Amino acid sequence: MYKEKHYELWKDFETLDVLKCCLTEDEYIGFLKGNILKYKLRSKGQDLKDIEKIKNYSIELNKLLTN
């Protein structure tokens, strides 16, 4: 997904990489949709960090849904 190193567990291995490996594709899609909704509701479109997270989760979701 995005390469912000905030959640990097090991070199080039993010928390989202673990989730993607542990969840089925449908579960991962649900996780992405849930986080998009969470950040939309929480920020009400005002917090730039939340808006960036919404964008990044949406990009990842779009990749999955268009492949």
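1. Glutamate 60 sits in helix α3; helices (H or I, at least four residues) and strands (E, at least two) are DSSP runs, numbered from the N terminus. Glutamate 60 is buried, at a relative accessible area of 5%. Here buried means under 20% relative accessible area, exposed means over 50%, and partly exposed lies in between (1.4 Å probe, protein chains only). The side chain of glutamate 60 makes a polar contact of 3.4 Å with the side chain of lysine 20. A polar contact is a pair of N or O atoms within 3.5 Å; within protein, one must be able to donate a hydrogen and the other to accept it, and residues adjacent in sequence count only if both atoms are side-chain atoms.

2. On the source: this is a predicted model, in which local features need pLDDT of at least 70 and side-chain atom pairs count only at pLDDT 80 or more, while totals for chains, interfaces and linings use all residues. Residues are numbered from 1 along each chain as its sequence is written, and side-chain values use heavy atoms, with hydrogens and water left out.

3. The protein has three helices and two strands, and along the sequence they follow the pattern β-β-α-α-α. Of its 67 residues, 25% count as buried. The accessible surface comes to about 5000 Å², and 58% of that belongs to carbon and sulfur atoms; the areas come from the Shrake-Rupley method with a 1.4 Å probe, and for residues only the protein chains shown count as cover. Among contacts (heavy atoms within 4.5 Å) between residues at least 6 apart in sequence, 41% join residues at least 24 apart.

4. Helix α3 has 19 residues and reaches 27 Å from its first C-alpha to its last, close to the 27 Å expected at 1.5 Å a residue. The expected span is 1.5 Å times one less than the number of residues.

5. Which residues of α3 are buried? They are Asp50, Ile54, Asn56, Tyr57, Glu60, Leu61 and Leu64. The buried residues of α3 pack against α1 (15-22) and α2. An α-helix has 3.6 residues a turn, so residues three or four places apart point the same way.

6. There are three aromatic pairs. Rings of Phe, Tyr and Trp (its six-membered ring) pair if their centres lie within 6.5 Å; planes under 30 degrees apart count as stacked, over 60 as edge-to-face and the rest as tilted. One of the pairs joins phenylalanine 31 and tyrosine 57 edge-to-face, at 6.2 Å centre to centre and 85° between the planes. Phenylalanine 31 lies in helix α2 (residues 25-43) and tyrosine 57 in helix α3 (residues 48-66), so this pair ties together parts that are 26 residues apart in sequence. Phenylalanine 31 is partly exposed, with a relative accessible area of 24%, whereas tyrosine 57 is buried at 7%.

7. Tyrosine 39 and tyrosine 57 make a stacked pair, because their ring centres are 6.1 Å apart and their planes at 15°. Tyrosine 39 belongs to α2 and tyrosine 57 to α3, so the pair ties together parts 18 residues apart in sequence. Both tyrosine 39 and tyrosine 57 are buried. Tyr28, Phe31, Tyr39 and Tyr57 form one aromatic cluster.

8. Two further residues of α2 deserve a look. Serine 43 is in helix α2 and is buried, at 7% relative accessibility. Its side chain reaches the backbone oxygen of tyrosine 39 at 2.9 Å. Leaving aside neighbours within four places in sequence, serine 43 is in contact with Asp50 and Ile54.

9. Isoleucine 36 is also found in helix α2 and is buried, at 9% relative accessibility. With neighbours within four places in sequence left aside, isoleucine 36 is in contact with Ile54, Tyr57, Ser58 and Leu61. The C-alpha atoms of isoleucine 36 and aspartate 50, which are 14 residues apart along the chain, are separated by 9.2 Å.

10. A disulfide is a pair of cysteine sulfur atoms within 2.5 Å, and the count of disulfides is zero. Cysteine 21 is exposed, with a relative accessible area of 63%, and cysteine 22 is exposed at 61%.
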